[in-house]
Amino acid sequence: MNAHSVGTMPEITYNFAYLDEQTKRMIRRAILKAIAVPGYQVPFAAREMPMPYGWGTGGVQVTAAVLGPQDVLKVIDQGADDTTNAVAIRGFFEKTARVATTTSAVEATIIQTRHRVPETPLSENQILVYQVPIPEPLRFLEPRETETRQLHALAEYGLMHVKLYEDIARHGHIATTYAYPVEVAGRYVMDPSPIPKFDNPKLDDCPALQLFGAGREKRIYAIPPYTKVRSLDFEDHPFTVQRFAKPCALCAATGVYLDEVILDDKGGRMFVCSDTDYCNGRQAAGHRGEMAGEPPSSRPVRSAEPVSRDDGAPFSGDGPGLSRAMLSGMTIQGGDQP
Amino acid sequence: MPATLLANGFDDPVFDSQAAFRTAMWALARPGRVEPIITALTPPAPLNPEAAALVLALCDYETPLWLDAALARVPEVGDFLRFHTGAPIVTDAREARFALIAEPADMPDFSDFAQGSPEYPDASATLIVQVEAFTGGLVLEGPGIKGRAAFGATPLPADIVARLAENRALFPLGVDLLLAGPGGVAGLPRSVTVKEG
């Protein structure tokens with residue numbers, strides 16, 4: 001008998017953050033060039049990751065190359081910390097890099113995101129890593145890589161303006177609502193990844209470093225801190241963001257991006273913050289939306305007499321209110337997201 | 001054969017590389033700000049520890065490396081870099097992905113190095129330039145800088161402002177500079193606009 005008793009598996013260990021050192025160096029060199037040429041898509045030799053394409057392999061590789069043992073990692077998927085993609089990637093780095101993780105946008109040093117920018121303003125020492133499905137903003141207008149590469153080389157972006165103009169001709173307004181193209185530092189037109197256009201203004205003059213990784217398409221690009229990022233528009237059709245008629249039903253926040261949640265099959269619905277960390281923070285600070293109910297401490301002590309609930313309504317005014325956990329089982333429709 | 005001992009590489013290749021890369025990354029993302037770097041490397045002179053840390057963190061068999069005359073004339077420097085990185089050391093500056101410059105006052109023109117092509121501006125050289133001190137005297141503007149930033153380093157070529165202006169005019173082509181001095185690294189990416197302060 002050796003020291004290992006029968007039946008115990010040898011512990012599987014990974015290099016820090018899963019990738020081998022040569023791969024990290026290759027990705028790091030691409031990141032440096034991406035920062036030096038803001039908005040330009042640097043080709044890189046993306047590796048196969050232990051997750052399928054479309055699940056954030058580009059973002060994961062960028063995070064793995066940047067991550068150090070002192071970092072605190074936050075991962076969000078459409079604004080939420082508790083959805084499949086976010087939970088899986090957070091678990092991946094907890095296992096392979098043993099870094100601290102958080103759901104707080106303030107505590108995090110690196111935030112990997114799928115399709116949202118946190119509502120909490122970012123600060124100077126933070127890195128925001130975007131997962132990007134199709135990095136080429138011109139791809140659906142010009143399928144040939146050789147051609148799009150030349151269009152970028154010539155800064156020939158007329159095609160993109162024609163596309164936005166056709167929106168206006170057909171719909172009366174620019175109908176592009178997510179992955180809305182931006183011009184970075186006055187030169188490259190860039191796909192900000194499928195974030196709602198609501199988030200586009202947050203990219204401009206952002207104190208944090210923004211890195212974009214596309215695994216299947218093998219591209220990395222970047223926006224350095226305090227860089228001019230302009231959403232493309234026309235003088236007579238200026239860029240505008242989505243507006244919401246009502247505040248968040250849970251935390252009463254206004255001026256934030258809301259998800260529509262279907263409550264029943266009778267047309268019941270509510271709008272709640274897509275950014276769970278922001279919403280939970282506001283609720284903890286005592287902000288109450290119209291469907292949040294009363295906080296437990298201020299709830300009046302009730303008699304033992306049961307309350308009649310025979311009206312079939314999803315909530316009664318004095319009920320405990322909806323929580324995130326209750327919402328997680330419901331259908332969430334992300335506004336006009338894909 | 002004389003047994004010459006090779007200076008050690010990183011104590012911890014994984015974390016020391018990561019730390020040196022993060023320094024370089026923030027240096028290029030925030031031009032002119034001197035980002036701290038702590039390294040225990042003791043490379044052969046005239047290679048300084050900060051520049052050595054950057055090369056060990058970023059270079060490997062994929063990145064041809066060019067050394068300026070002051071470094072190239074000391075064989076121990078080439079041996080040290082080749083052993084720890086595996087990078088091929090080239091004599092034609094145009095082939096280099098990275099260039100190490102120990103005597104900036106005599107550095108060759110930026111146009112001697114790869115500038116990238118209009119389709120692939122990333123295929124350009126990164127110049128790691130050793131300096132003795134970070135000073136002032138220049139004003140920087142551009143991506144990564146909130147408003148303006150004061151910057152300076154010594155020694156640099158007397159016509160550095162004109163050289164950097166030419167480099168900026170080539171944008172998106174051009175070379176990127178990482179200045180490595182005592183305890184810190186500062187970046188001058190091609191996107192930066194430099195004026196006399």
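Guide: Start with a definition: two residues are in contact if their C-beta atoms, placed from the backbone, lie within 7 Å. Helices (H or I, at least four residues) and strands (E, at least two) are DSSP runs, numbered from the N terminus. Axes are lines fitted to C-alpha atoms, for helices over the stretch in contact, and angles run from 0 to 180 degrees between N-to-C directions.

This is a predicted model, where local features need pLDDT of at least 70, side-chain atom pairs count only at pLDDT 80 or more, and totals for chains, interfaces and linings use all residues. Residues are numbered from 1 along each chain as its sequence is written, with chains lettered from A and ligands numbered from 1 in the order in which they are written.

Now the part itself: helix 1 of chain A, residues 21-36. Helix 1 of chain A packs with helix 1 (residues 13-29) of chain B. The angle is about 5°, and the axes are 9 Å apart. The two helices are therefore roughly parallel (angles under 35 degrees; over 145 is roughly antiparallel, 65 to 115 roughly perpendicular, the rest oblique).

Who meets whom? From chain A, the residues include Arg28(A), Ile31(A), Leu32(A) and Ile35(A). Among their counterparts in chain B are Val14(B), Phe21(B), Met25(B) and Leu28(B). Ala, Val, Leu, Ile, Met, Phe, Trp, Tyr, Cys and Pro count as nonpolar; Asp, Glu, Lys and Arg as charged; the others, Gly among them, as polar.

Widen the view to the chains. Their contact takes 29 residues from chain A and 30 from chain B. On the side of chain A, helix 1 gives the most, with eleven residues. That side has 17 nonpolar, five polar and seven charged residues.

Two strands pair if DSSP finds at least two bridges between them. Strand 5 (residues 127-131) and strand 8 (residues 209-214) of chain A pair in the parallel sense over five bridges.
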